[in-house]
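Here are my notes on this model, point by point. Please read them with the structure open.

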Amino acid sequence: MADIHVEEFYKDVAIALVQLYGVFPRRVNLFVEDIAGPDEPDEFGLHSKRHMACFGALLWLEEEGLLRYVDTIRQEALDQAVLTHAAFVRLSAPAPSALSEALAQSKAPADDNLPPSVQEDLSTHIHLIRKALKSGHSGRISQVVQATFFADRKH
């Protein structure tokens with residue numbers, strides 16, 4: 001079992017990327033609370049570790065070239081965030097069938113009756129990420145985010 005903070009990282013990344021993909025190419029404010037849930041700063045105005053971990057994940061996505069933003073809104077949001085070309089292309093690309101099968105998202109027999117454009121949409125990385133998020137299974141979310149962005153990266 002992975003460390004809980006790593007599983008939360010993958011979930012935060014997945015939610016943020018799905019939100020940005022859903023409005024692409026429009027720039028939007030990306031709020032930490034919309035991703036990690038409500039947070040009440042303590043008596044000193046400091047956010048919880050969970051909130052700060054999510055905020056850190058958003059900043060990391062920019063550092064890794066997956067999103068751009070104009071500025072931060074305190075430690076609560078990214079102002080005018082948008083996916084980068086690389087992230088949009090990767091999310092829109094068909095996922096390997098082995099990944100779909102590993103995530104138990106293999107084609108149902110009825111999928112063969114769907115128009116080719118719909119079949120293509122159902123095979124994309126973004127579709128697998130959405131399905132993993134909908135399942136709520138942290139292992140699936142981690143697996144699909146890793147496979148989408150980290151599996152074939154050169155170090």
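1. Conventions. Helices (H or I, at least four residues) and strands (E, at least two) are DSSP runs, numbered from the N terminus. This is a predicted model: local features need pLDDT of at least 70, side-chain atom pairs count only at pLDDT 80 or more, and totals for chains, interfaces and linings use all residues. Residues are numbered from 1 along each chain as its sequence is written, and side-chain values use heavy atoms, with hydrogens and water left out.

2. Overall layout. The protein has 8 helices and 4 strands. Along the sequence they run α-β-α-α-β-β-β-α-α-α-α-α. Of the 155 residues, 34% count as buried; buried means under 20% relative accessible area, exposed over 50%, and partly exposed in between (1.4 Å probe, protein chains only). The accessible surface comes to about 9,100 Å², by the Shrake-Rupley method with a 1.4 Å probe; for residues, only the protein chains shown count as cover. Carbon and sulfur atoms hold 53% of that surface.

3. Contact range. Contact means heavy atoms within 4.5 Å. Take the contacts between residues at least 6 apart in sequence: 59% of them join residues at least 24 apart.

4. The core. Which residues have the most contacts inside the largest nonpolar core? They are Leu30, Leu58, Leu61, Leu91 and Val144, in a core of 35 residues. A nonpolar core here is a set of buried Ala, Val, Leu, Ile, Met, Phe, Trp, Tyr and Cys residues joined through side-chain atoms within 4.5 Å. Two or more residues come from each of α1 (4-23), β1 (28-31), α2, α3, β4 (77-83), α4, α7 (125-135) and α8 (138-150). Helix α1 gives the most, with 9 residues. In soluble globular proteins, nonpolar side chains tend to be buried together.

5. Leu91. Leaving out residues up to four places away in sequence, Leu91 touches Leu17, Tyr21, Leu83, Thr124, His125, Ile126, Ile129, Thr148 and Phe149.

6. Helix α7. The buried residues of α7 are His125, Ile126, His127, Leu128, Ile129 and Ala132. Gly136 follows α7, with a positive phi near 75°.

7. Arg90. Arg90 sits in helix α4 (residues 85-92). Arg90 counts as partly exposed because its relative accessible area is 23%. Its side chain reaches the backbone oxygen of Thr148 at 2.4 Å. That is a polar contact (a pair of N or O atoms within 3.5 Å; within protein, one must be able to donate a hydrogen and the other to accept it, and residues adjacent in sequence count only if both atoms are side-chain atoms).

8. His47. His47 lies in the loop between α2 (32-36) and α3 (49-63). Is His47 buried or exposed? At 16% relative accessibility, His47 counts as buried. Its side chain makes a polar contact with the side chain of Asp39, at 2.6 Å. Beyond four places in sequence, His47 touches Asp39, Pro41, Met52, Gln75 and Glu76.

9. A salt bridge is a side-chain nitrogen of Lys or Arg within 4 Å of a carboxyl oxygen of Asp or Glu. The count comes to 3. Glu8 pairs with Arg50, the closest N and O atoms being 3.7 Å apart. Glu8 is in helix α1 and Arg50 in helix α3, 42 residues apart. Arg50 also meets Asp12, at 2.6 Å, N to O. Asp12 is in α1 as well, so this pair ties together parts that are 38 residues apart in sequence. Side chains of opposite charge can pair when their charged atoms come close.

10. Glu8 is partly exposed at 26%. Arg50 is partly exposed at 24%. Asp12 is buried, with a relative accessible area of 2%.

11. The remaining pair. The side chains of Glu76 and Arg74 meet in a salt bridge at 3.2 Å, N to O. Glu76 is partly exposed at 28%, whereas Arg74 is exposed at 60%. Shared partners join Glu8, Asp12 and Arg50 into one salt-bridge network. Glu76 is also among the residues that His47 touches.
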